[in-house]
Amino acid sequence: MMDDLRMAPAGSVVVLHMCGHNPTGQDLNEREWEEVHALMEERSLLPFFDAAYQGFTSGDLDRDAYSLRLFASAGPTELLVAQSFSKNMG
(Lines give C-alpha, C1' and ligand atoms only; values in the text may rest on other atoms or scores of the structure.)
Protein backbone atom coordinates (compact mmCIF):
# COMPACT_ATOMS: atom_id res chain seq x y z
CA MET A 1 0.00 0.00 0.00
CA MET A 2 2.75 2.45 0.89
CA ASP A 3 4.46 1.84 -2.45
CA ASP A 4 1.20 2.58 -4.25
CA LEU A 5 0.78 5.81 -2.27
CA ARG A 6 4.34 6.84 -3.15
CA MET A 7 3.58 6.37 -6.85
CA ALA A 8 0.19 8.12 -6.84
CA PRO A 9 0.15 11.49 -8.60
CA ALA A 10 -0.20 14.52 -6.32
CA GLY A 11 -3.84 15.41 -5.82
CA SER A 12 -5.06 11.84 -6.25
CA VAL A 13 -8.09 10.77 -4.22
CA VAL A 14 -7.29 7.70 -2.10
CA VAL A 15 -10.12 5.58 -0.70
CA LEU A 16 -9.32 4.34 2.81
CA HIS A 17 -11.44 2.03 4.93
CA MET A 18 -11.61 3.72 8.31
CA CYS A 19 -11.80 0.32 10.01
CA GLY A 20 -12.89 -3.21 9.22
CA HIS A 21 -11.28 -3.29 5.79
CA ASN A 22 -13.51 -5.00 3.29
CA PRO A 23 -12.97 -7.80 2.28
CA THR A 24 -10.08 -8.70 4.63
CA GLY A 25 -11.40 -7.32 7.93
CA GLN A 26 -7.85 -6.27 8.78
CA ASP A 27 -7.02 -2.87 10.21
CA LEU A 28 -3.91 -0.75 10.37
CA ASN A 29 -2.65 -0.06 13.86
CA GLU A 30 -2.15 3.52 15.14
CA ARG A 31 1.51 3.67 14.11
CA GLU A 32 0.67 2.45 10.61
CA TRP A 33 -2.10 5.04 10.27
CA GLU A 34 0.37 7.74 11.32
CA GLU A 35 2.76 6.56 8.59
CA VAL A 36 -0.02 6.58 5.99
CA HIS A 37 -1.05 10.07 7.11
CA ALA A 38 2.50 11.42 6.87
CA LEU A 39 3.00 9.96 3.40
CA MET A 40 -0.33 11.27 2.14
CA GLU A 41 0.51 14.73 3.45
CA GLU A 42 3.94 14.57 1.82
CA ARG A 43 2.43 13.49 -1.53
CA SER A 44 -0.58 15.90 -1.35
CA LEU A 45 -3.08 13.05 -1.63
CA LEU A 46 -6.77 13.54 -0.79
CA PRO A 47 -8.10 10.95 1.68
CA PHE A 48 -11.62 9.61 1.13
CA PHE A 49 -12.66 7.55 4.15
CA ASP A 50 -15.24 4.78 3.80
CA ALA A 51 -16.71 4.51 7.29
CA ALA A 52 -19.25 1.73 6.82
CA TYR A 53 -17.93 -0.64 9.51
CA GLN A 54 -17.34 1.67 12.48
CA GLY A 55 -17.72 -0.35 15.67
CA PHE A 56 -17.41 -3.74 13.95
CA THR A 57 -13.69 -4.21 14.32
CA SER A 58 -13.02 -3.38 17.96
CA GLY A 59 -16.59 -3.18 19.23
CA ASP A 60 -15.89 0.46 20.16
CA LEU A 61 -17.19 3.28 17.94
CA ASP A 62 -14.57 5.71 19.27
CA ARG A 63 -11.62 3.37 18.89
CA ASP A 64 -12.60 2.49 15.33
CA ALA A 65 -12.63 6.21 14.43
CA TYR A 66 -8.91 6.67 15.24
CA SER A 67 -7.80 7.02 11.62
CA LEU A 68 -10.44 9.59 10.74
CA ARG A 69 -9.75 11.62 13.86
CA LEU A 70 -6.02 11.55 13.14
CA PHE A 71 -6.49 12.92 9.63
CA ALA A 72 -9.10 15.47 10.76
CA SER A 73 -6.96 16.85 13.58
CA ALA A 74 -3.50 16.75 12.00
CA GLY A 75 -4.43 17.76 8.45
CA PRO A 76 -4.82 17.76 5.53
CA THR A 77 -7.03 20.78 5.15
CA GLU A 78 -9.45 18.65 3.11
CA LEU A 79 -10.74 15.12 3.44
CA LEU A 80 -13.83 13.25 2.35
CA VAL A 81 -15.94 10.82 4.40
CA ALA A 82 -18.73 8.45 3.40
CA GLN A 83 -20.51 7.33 6.57
CA SER A 84 -23.11 4.58 6.51
CA PHE A 85 -25.08 3.36 9.49
CA SER A 86 -26.88 0.52 7.73
CA LYS A 87 -24.44 -2.10 9.00
CA ASN A 88 -23.69 -0.89 12.51
CA MET A 89 -26.98 0.75 13.55
CA GLY A 90 -29.45 -1.80 12.27
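Reader: How many nonpolar, polar and charged residues make up the lining of the largest pocket?

Author: One may read a lining by sorting its residues into classes. Here the lining of the largest pocket divides into five nonpolar, four polar and four charged residues. Please keep in mind that this is a predicted model.

Reader: What is the volume of the largest pocket, and which residues lie nearest its centre?

Author: The volume is about 210 Å³. Of the 13 residues that line the largest pocket, D27, L28, R63, D64 and Y66 lie nearest its centre. At least two lining residues are supplied by each of helix 2 (30–43), helix 3 (61–64) and helix 4 (66–74).

Reader: Which residues line the second largest pocket?

Author: The second largest pocket holds about 150 Å³ of space. Its lining consists of M1, V15, L16, H17, H21, Q26, D27, L28 and W33. Strand 1 (residues 13–17) gives the largest share of that lining, three residues. By class, there are five nonpolar, three polar and one charged residues in the lining of the second largest pocket.

Reader: Helix 4 was named above. Which residues of helix 4 are buried?

Author: A residue is read as buried when its relative accessible area is under 20%. In helix 4, the buried residues are S67, L68, L70 and F71. Viewed down the axis of helix 4, these residues fall within an arc of 160 degrees, so they line one face of the helix. A72 and S73, on the other side of helix 4, are exposed.

Reader: Against which elements do the buried residues of helix 4 pack?

Author: The buried residues of helix 4 pack against strand 1, helix 2, strand 2 (46–51) and strand 3 (80–83). Just after helix 4 comes G75, with a positive phi of about 100 degrees.

Reader: Which residues of the largest nonpolar core touch the most other members?

Author: A core may be read through its members and then through the elements that supply them. The largest nonpolar core has 17 residues, and L5, L16, M18, W33, M40, F49 and F71 touch the most other members. Strand 1, helix 2, strand 2 and helix 4 are the elements that give two or more residues to this core. Helix 2 provides the largest share, four residues.

Reader: With which residues is L16 in contact, leaving aside its neighbours within four places in sequence?

Author: With those neighbours left aside, L16 is in contact with M1, W33, M40, P47, F48, F49, D50 and F71. L16 also belongs to the lining of the second largest pocket, as do M1 and W33.

How values were computed:
Residues are numbered from 1 along each chain as its sequence is written. This is a predicted model: local features need pLDDT of at least 70, side-chain atom pairs count only at pLDDT 80 or more; totals for chains, interfaces and linings use all residues. Side-chain values use heavy atoms; hydrogens and water are left out. On a 1 Å grid over the protein atoms alone, a cavity is a set of points where a 1.4 Å probe fits but cannot get out, and a pocket is an open set with protein on both sides within 12 Å along at least five of seven lines; lining residues have an atom within 4 Å of a point. Grid points are joined across faces, edges and corners, and a volume is the space filled by probe spheres set on the points. Ala, Val, Leu, Ile, Met, Phe, Trp, Tyr, Cys and Pro count as nonpolar, Asp, Glu, Lys and Arg as charged, and the others, Gly among them, as polar. Buried means under 20% relative accessible area, exposed over 50%, partly exposed in between (1.4 Å probe, protein chains only). The arc is that of the directions from the helix axis to the C-beta atoms. Contact means heavy atoms within 4.5 Å. A nonpolar core is a set of buried Ala, Val, Leu, Ile, Met, Phe, Trp, Tyr and Cys residues joined through side-chain atoms within 4.5 Å.
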